[in-house]
Amino acid sequence: MRRIGTLTDPDQARRFADFLFTLSIECNVDIEDAPAADGAAGGKQCHLWIRDESHIERAKQELQAFLQSPTDEKYRVGDEAERIRKQRQSEEKRKKRLQQKVNPKAPATGAGPLMGVPTRQQTIPVVIAMVVLSVIASFSTGFGSPKISQVPGELSTEETIFYGLSFVDWRDYVTGKDPLASIKKGEVWRLITPLFLHGDTYHLAFNMLGIFFLGSAIERLEGSWFMALLLLASGIFGGLVQIWLPPEDALPPMLAGLAGSPFSIGASGAVYGLFGYLWIRPALSPSYPVRMMPSNVAIMLGWLVFCIFFVERIANGAHIGGLVAGVIIAVVISRMPSDRFA
């Protein structure tokens, strides 16, 4: 906290503090009696203190403008400042009530689900199911390299499962180069099942960690149905973007990382969808109780860009598509009427 100046009129000081408050700048007014001089009665000294160091320069500039015209109509914002204060107080009370409903024994500002954050549920069945199914599917298909059958003309169990869960069966694809060939035959589960397949143990571990840490927060806050819809929407849209992108031979070498393919596997598109939702939702709903750390945002976005230009055989289209889906869902949800997070 730092003092930016002193006024002698308490009404002016309060008016200026209210004006700063409407600009989202917290200003405290410390009023004290001024020392008397030569037997005359002392006046008042109103010290202006700014809480956030990052707002100091802006507040100083506004103070200089205020001193030049303190009676200007734009500084008469007392009603607006009071409305904002009441709104913030109401939001804080609502947060505390929600937390007490979830865990009545937890203190209003202490520990509890998600470090005191109000949640709808304690269990995360969708996240657990996603992890379990991905582990089973990945191991049972040889991590994208199924064992070949020893019987000529027959498929091994791993091959049968892998071809049945891939976005398109290669036997359907080779005839017309149509990535939707299998889906057009009615095998619509292929829009979802590639999310459970992974290329190696590192691929599986990375994606499952992302699903667990990001998905756990979302599922506890928003509920299992919402989590399932967000996971599927971002995963499916990411997969579609991946197949819509042009083939590698149609792109300049520098952009080869953006080549499309119908044979991509993995849940990374869904991971980026969860990330996009948790990144954007708090920015649009200030009272949303979970926020991504700037360093984590930088890592996720930096990894996306790095993969495009420096890592081969990565479904970057799925990453981008999943991220876009998560952001769009965050925008839509934030505009829907809700009294949960204000």
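Does Phe 212 count as buried, partly exposed or exposed, and at what relative accessibility? Phe 212 counts as partly exposed, because its relative accessibility is 40%; buried means under 20% relative accessible area, exposed over 50%, and partly exposed in between (1.4 Å probe, protein chains only).

The model is predicted: local features need pLDDT of at least 70, side-chain atom pairs count only at pLDDT 80 or more, and totals for chains, interfaces and linings use all residues. Residues are numbered from 1 along each chain as its sequence is written, and side-chain values use heavy atoms, with hydrogens and water left out.

**Aromatic pairs**

A pair of aromatic rings is described by the distance of the centres and the angle of the planes. Rings of Phe, Tyr and Trp (its six-membered ring) pair if their centres lie within 6.5 Å; planes under 30 degrees apart count as stacked, over 60 as edge-to-face and the rest as tilted.

| Pair | Centre distance | Plane angle | Type |
|---|---|---|---|
| Phe 212 and Phe 213 | 5.4 Å | 80° | edge-to-face |
| Phe 306 and Phe 310 | 5.2 Å | 35° | tilted |

Phe 213 counts as exposed, at 57% relative accessibility. Phe 306 is partly exposed at 39%, and Phe 310 is exposed with a relative accessible area of 62%.

Elsewhere, Phe 16, Phe 19, Phe 66 and Tyr 75 form one aromatic cluster. The charged end of Arg 85 sits over the ring of Phe 21, 4.5 Å from its centre (NZ of Lys or CZ of Arg within 6 Å of the ring centre and within 35 degrees of the ring normal).
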